[in-house]
Amino acid sequence: ERRLIQTQLNTRFDYISRFVFEVEDIEAVVASMKAAGVNFRNEILSGVGGKQIIAEDPSGNPIEVFQPV
């Protein structure tokens, strides 16, 4: 099951909106996205709430891929 969540991050002067795709196996999803040529801004990060990575759409907008614990 994948869920789509829209979030907004408050920056110092404005907001950055992004979509968040919730996935069950982030490593498999990221591998598939990389094979399809998707660019990522970082590597998979792990925290108390789960794992996440930020991809970019063709226009450079951030898209978060998130796997909850």
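Two residues are in contact when they have heavy atoms within 4.5 Å of each other. Keep that in mind as we look at this predicted model, where local features need pLDDT of at least 70, side-chain atom pairs count only at pLDDT 80 or more, and totals for chains, interfaces and linings use all residues. Residues are numbered from 1 along each chain as its sequence is written, and side-chain values use heavy atoms, with hydrogens and water left out.

**The nonpolar core**
- A nonpolar core is a set of buried Ala, Val, Leu, Ile, Met, Phe, Trp, Tyr and Cys residues joined through side-chain atoms within 4.5 Å.
- The largest one here has 9 residues: Val23, Ile26, Val29, Val30, Met33, Phe40, Ile53, Ala55 and Val65.
- Helix α1 (26-35) gives the largest share, 4 residues.
- Skipping neighbours within four places in sequence, Val65 is in contact with Phe21, Val23, Ile26, Val29, Met33, Lys51, Gln52 and Ile53.

**Glutamine 67**
- You'll find Gln67 in strand β6 (residues 62-68); strands are DSSP runs of E, at least two residues, and helices are runs of H or I, at least four, numbered from the N terminus.
- Gln67 counts as buried because its relative accessibility is 17%; buried means under 20% relative accessible area, exposed over 50%, and partly exposed in between (1.4 Å probe, protein chains only).
- Its side chain reaches the backbone nitrogen of Ile26 at 2.7 Å.

**Isoleucine 44**
- Ile44 sits in the loop between β3 (39-40) and β4 (45-47).
- At 28% relative accessibility, Ile44 counts as partly exposed.
- The C-alpha atoms of Ile44 and Glu27 are 8.2 Å apart, with the two residues 17 apart along the chain.

Conventions. Polar contact = N/O pair within 3.5 Å; in protein donor to acceptor, adjacent residues only side chain to side chain.
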